Amino acid sequence: MIDLLKLDPQPSVRLNADGSVAEANPALLELRDGDYPGAVEVLLPANVRALVRAALKQTRAIEGVQSRTPTRVLEWIFIPDTAINEVLARARDKTQETALLDEATRASRLYRLIIENTTDLISRHAPCGRFIDASPACTRLLGYRPDELRDQPAELLMDFNSASISRSTLSHQLMETGYATFTIRLRCKDTERCGDAQKRWVEVASRAIRETYTGEIIEVIAVTRDITERKLREAEQRRHEEELAHTTRLAALGELASGIAHEMNQPLASITNYANASQRYLERLPDDGGAQERVAQGLDHIQTQAEHAARVIKRLRAFLRKPPHTGDNAGLTTLIGKAVQLCEWQAEQAEVTIDQPDGSMNPTVRGDPVLLEQVLVNLLRNAIDANRDCNPSTSSRIRITTHEAAANMVEIVIEDQGPGLDAEGIEHMFTPFFTRKADGLGLGLSMSRSIVDGFGGYLNAKPAAQGGLRLVCRLPHAHAKALRWSPSR
């Protein structure tokens, strides 16, 4: 018995009938010395005496008894030897196994807590899209209980006409990268939850789970978040921006009125002169043989000037009316040319010359042409005002240049010769209602940045190299992927 005890690789101890230690083997002594120098009893279960009595009385082994110290977990078996009225106790170190089990238990408890209480819908799907399981959030979100969705195809709920990606693109992304994120409208079970449309806007983040050896997709985990309120806010913001843009355009009507009078005065005066001359030539018919030809020439001039006046009116009406969002894109050279035409009279009055690009670079940029025209008009009018303030009695220039920028972007730069702004002014110039003009509202630049941001672009300012201000407007190419531009401002 003694020899076997010493040779046992497992921590073991002989216990007397009263539970006291008769002998401990080297493995147990080594364990004691490593953790708790001193008595062996600290490694034994707290109720060791009762366990010894029970094993001897029942003449059977008692197993699965744990003892814990701050650093170890031991599992003991008590084997009675009735012949000598002693008990052999053997231990197995279960520290690592118990730690793993405790961690798994905590993780499982946390997982259940998240699944049962999160407001996002967490669901498991077969590779074909069929629901395997769904969290309780599906009831709040769509009106379905989890058991109602199990084994149902996910496509029954999905309105792919509203999805940000197609079915084939979704499958391709999951296959190639294992991840896919998209927005889509889901059909609800009842109108009470989702309104008359019975649909909610959601954002879905999905991840493919693969088989370890073959790499085949065996399951898809999806987290679905309700973004209906966000979509409504975005729609309301777009409507507000459109109203703000329209209001700003109408506010410019007073300043444009003098421009209308100036541009219309010349063709109307010409029409009057040609009409009076033609009337005199008509009175000389048939005495004057050349009168008929001069009348014809006068009528041609009248038609030319009338068409010019019509173009002026048409251009100003297009600028002032509230445009619908057509989704059309705009040619860069045409866009800049129209904006410059609308600011010509104001520039002429301020003795400002506007240098335009040569037109060699004329890409199509993404954005509603009329709204982008409004942005450029706002930037040019601010530049003209700055030049006039800094050069009240001398002529000055505004320079417009265009460049190709990174990430499929086109850069429009407007540099003035005004007084410029300090760091604080540049930081706040795009803030609504911030202005340093006595009669300004402080909305033009704020509205302009909102419009440009809405088309995935970028609008900012910095001091110009030769003084003044350098306004930088970046717009995406029409063919570029529709991503929001988010540089450091």
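Modeller: The account below begins with the sheet, turns to its helices, and then moves to other elements. The model is a predicted one.

Five strands make up the open sheet, in the order 2-1-5-4-3, and their pairing is antiparallel. Strand 2 (21-24) and strand 3 are the edge strands; each has a single partner strand, so one side of each is left without a neighbour in the sheet. From one strand to the next, the twist averages 25°.

Helix 3 lies across strand 1, strand 3, strand 4 and strand 5, and it runs at about 35° to strand 4. Which residues of helix 3 are buried? They are Val 48, Leu 51, Val 52, Ala 55 and Leu 56, in a helix that spans residues 48-58. The buried residues of helix 3 pack against strand 1 (12-15), strand 3 (62-68), strand 4 (73-81) and strand 5 (86-93). After helix 3 comes Thr 59, which has a positive phi, near 50°.

Helix 4 (residues 95-117) also packs on the sheet, where it touches strand 3, strand 4 and strand 5. The direction of helix 4 makes about 80° with that of strand 3.

Beside this part, helix 13 (residues 369-390) may be considered with its helix contacts. The axes of helix 12 (residues 332-349) and helix 13 come within 9 Å and cross at roughly 35°, and the crossing is right-handed. Among the residues that make this contact are Leu 335, Ala 339 and Cys 343 of helix 12, and Leu 372, Leu 376 and Leu 380 of helix 13. Cys 343 counts as buried because its relative accessibility is 1%.

Helix 13 also packs with helix 15 (residues 444-454), at an angle of about 145° and with the axes 9 Å apart. This crossing is left-handed. The residues in contact include Leu 371, Val 375 and Leu 379 of helix 13, together with Leu 445, Ser 448 and Ile 451 of helix 15.

Strand 17 (residues 458-463) and strand 18 (residues 469-476) pair in the antiparallel sense over six bridges. They form a hairpin with five residues between them, and Gly 467 in the turn has a positive phi of about 95°. Leu 459 has Cys 473 in strand 18 as its bridge partner.

Two further points concern cysteines. Cys 138 is at 0% relative accessibility and therefore counts as buried. A search of the whole structure for disulfides finds zero.

Lastly, is Asn 273 buried or exposed? Asn 273 belongs to helix 10 (residues 253-284), and it is exposed because its relative accessible area is 51%, where the cut-off for exposed is over 50%. From C-alpha to C-alpha, Asn 273 and Ile 302 are 9.0 Å apart in space, while in sequence they are 29 residues apart.

Definitions and conventions
Residues are numbered from 1 along each chain as its sequence is written. This is a predicted model: local features need pLDDT of at least 70, side-chain atom pairs count only at pLDDT 80 or more; totals for chains, interfaces and linings use all residues. Side-chain values use heavy atoms; hydrogens and water are left out. A disulfide is a pair of cysteine sulfur atoms within 2.5 Å. Buried means under 20% relative accessible area, exposed over 50%, partly exposed in between (1.4 Å probe, protein chains only). Helices (H or I, at least four residues) and strands (E, at least two) are DSSP runs, numbered from the N terminus. Contact means heavy atoms within 4.5 Å. Two strands pair if DSSP finds at least two bridges between them. Axes are lines fitted to C-alpha atoms, for helices over the stretch in contact, and angles run from 0 to 180 degrees between N-to-C directions. A crossing is left-handed if the near helix is turned anticlockwise from the far one by less than a right angle, and right-handed if clockwise.
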